[in-house]
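Work through the exercises below with the sequence and the model open. Each task is followed by a stepwise solution.

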Amino acid sequence: MTTATLVILDHSIALSTVIAWFAAGVTMALRRARTALTLLAVALLVTLTRVASVAVLAGRGWWFVQEKVLLGLPMLVLAALAAAVIAGPRLRGRAQGVRRVESIDTAGVVALFTSGYAALAGFVVTFLVGYPLALGTALITIALVLAGALLTARVLAAPSATTTVEEPATDQGRPQVPRRRFLGVAGGVIMVGTAGTGASLSVRSAMTMTDDGGGPGPASRTAVSVTDLRGPDTPAPGGSRREHVLVARKATVRVESGRDFDAWTYNGTVPGPAITATQGDLLEVKLINHDIDDGVTLHWHGYDVPCGEDGAEGVTQEVVAPGGEFVYRFRAEQVGTYWYHTHHASYVGVARGLYGALVVKPRDEHDTRQLDLTVSVHTFDGTPTIAGGAEHIAPAGTTVRLRLINTDSSPHRFALAGASFRVVAVDGRDLHGPGEISRTRLRLPAAGRHDLVFVMPSTSVALLLDDHATTVWLRPQAGAPPGAAATPDTTGWPELDLLTYGTPASVALRSATADRRFTLVLDRGLAMVDGSPTYAQTVNGAGHPSIPDQLVTEGDVVRFSVVNRSLETHPWHLHGHPVLILSRNGKPSSGSPLWVDTFEVGPGEVWEVAFRASNPGIWMNHCHNLPHVDQGMMLCLRYDGVTTPFGGMDGLHGGHDIHGLHADGSNHRMGG
Ligand SMILES: [Cu+2]
């Protein structure tokens, strides 16, 4: 059973305990002793099942159960035992007619209701707080459960409630609740709850600090500003200077599906102009903002540029406002398939079209028989659309390289019909010994890239997106029939698992001792995001910018684990460094060394990755499901001694926000 299934099962059992205990309490209050006794037995059984489900879940990792084991379960079990001892014998007596049904048995009913409160509190804590559990939260929760018990006792102990009543109370005969006392106690409980929640939230929002990952803390060293970490302004020997001007402006574009779309563009097109270079060239890209009121930047996704060129608004530069400009310069030293996009309010900007491809080819590539195509997928108004041309001619024998780019916030599946192929690179980095595969689907996480290579057969080849209609045709000659690739049903094709694909090769980083280790537990919960309490996408229980920075020192070997406690998928993206995948759910990667810039952590999954801290700066480390960034799922990896003059690190709690709150304080969301 997957961890996600276990989590869902545990949630269902937890909910059942809530229902069972309250049902037992209500029926006992209604003096239906037999039913109440049965329900008590059911509640005890469900509680026992809950203990088992939490125990099994604990086997998948402490992060999945911490708050349950430390708080929810002990509370529930204690309350349940008390309820069994207090209410059990009384109910049995009444059910067997030993005792006369005279009145509400206050102690028994309170005991049953208290179990219900305990079960409910545990359930709520899991959803609102999750991991890690703070002592304050535990104390508030226990206080609320006790307050609930007290309140119930007071309500039941009201004089009219103890009057002997032979029949279940009718509306008229129902015990009169002493309103003033009830309101007083209820008000008190609400106040305790509100004060506690407020206090715990403000503690969380104030605790931005540094996580040193077990390595040395900050040293007093000469500070370097990110503004000094800029790229060279000459190409490598033999390379050339490639200048581009990208003007960010609004435009109505006709997407390949044939519809018009009110886009935000670079140079009036979506995708923006493809930026290509040969290894060693100098890329100089001038970004001009014409009329994007929200502001723009350029982030070179997966490209390990010097930090000052990273385009992370509020950390490496100010946002480029309308009328403003910013020049990015860096050497194209890494070959491969990448992409660029705005990193300001990116959940809106990228969705509306502020992105384009970045492809760097090796200097020594002279294969004239190669067809090199870049194919990107982007969703406009809910329709995934391919950019890169619907049809291409590739004579039989041609080597075809397909550079697939997912520019969306959700994963996409590609399938190639009519030819066997190799996945030669992932996220721009070559794989080692990739074998030939066919009838296999490729899952591209949000922001991910796969490079496919195949030799064109004498029949047509089709590329399919998400198992639907063929989106790109490759034909050996004009008018060639679709042949076997016509309408293949790809739904039954297996998905390629990159962790077992290709052949292993030794990588020093894999066995190197880590200088620092971090764990990021992803979940949903109540947290402060940009100064407001939100049901946020959290990292270790906090939302941006209250998530502690990860501190590293240049040269460190860093390992970090990403644990997904939630039921959503989180494509995790570290800027400025490729990460080596070490393991998924404790199982080591066994194929080619896999270097990626974005790895998709599914619900219940645990990924461990490593990287070498070799690119000084302050780097965003975030979920690339961009709406999740807006909901708090972003933090910074900071090299010791690097500072920023922008809002980023010290000004995070001030008016300056680093990912999408505007000068007027409003969040601009994309409509529809
Ligand atoms: Cu996410």
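**Exercise 1.** Classify the residues that line the largest cavity as nonpolar, polar or charged.

Solution. Step 1: the lining divides into eight nonpolar, four polar and three charged residues; Ala, Val, Leu, Ile, Met, Phe, Trp, Tyr, Cys and Pro count as nonpolar, Asp, Glu, Lys and Arg as charged, and the others, Gly among them, as polar.
Step 2: of these 15 residues, Arg 50, Gly 72, Ala 119, Gly 122 and Phe 123 lie nearest the centre. A cavity is a set of points on a 1 Å grid over the protein atoms alone where a 1.4 Å probe fits but cannot get out, and lining residues have an atom within 4 Å of a point.
Step 3: α1 (3–29), α3 (66–95) and α4 (106–128) each give two or more residues to this lining; helices are DSSP runs of H or I, at least four residues, and strands are runs of E, at least two, numbered from the N terminus.

The model is predicted: local features need pLDDT of at least 70, side-chain atom pairs count only at pLDDT 80 or more, and totals for chains, interfaces and linings use all residues. Residues are numbered from 1 along each chain as its sequence is written, and side-chain values use heavy atoms, with hydrogens and water left out.

**Exercise 2.** Which residues coordinate the copper ion?

Solution. Step 1: the donors, N, O or S atoms within 2.8 Å of the metal (3.2 Å for Na, K and Ca), with water not among the atoms, so sites may look incomplete, come from His 570 (ND1), Cys 623 (SG) and His 628 (ND1), at 2.0 to 2.1 Å.
Step 2: their spacing in sequence is H-x52-C-x4-H. Because His 570 lies in strand β26 (residues 570–574) and Cys 623 in strand β32 (residues 618–623), the pair ties together parts 53 residues apart in sequence.
Step 3: His 570 has 0% relative accessibility and counts as buried (under 20% relative accessible area; exposed is over 50%, partly exposed in between; 1.4 Å probe, protein chains only). Cys 623, also at 0%, is buried.

Note on methods: On a 1 Å grid over the protein atoms alone, a cavity is a set of points where a 1.4 Å probe fits but cannot get out, and a pocket is an open set with protein on both sides within 12 Å along at least five of seven lines; lining residues have an atom within 4 Å of a point.
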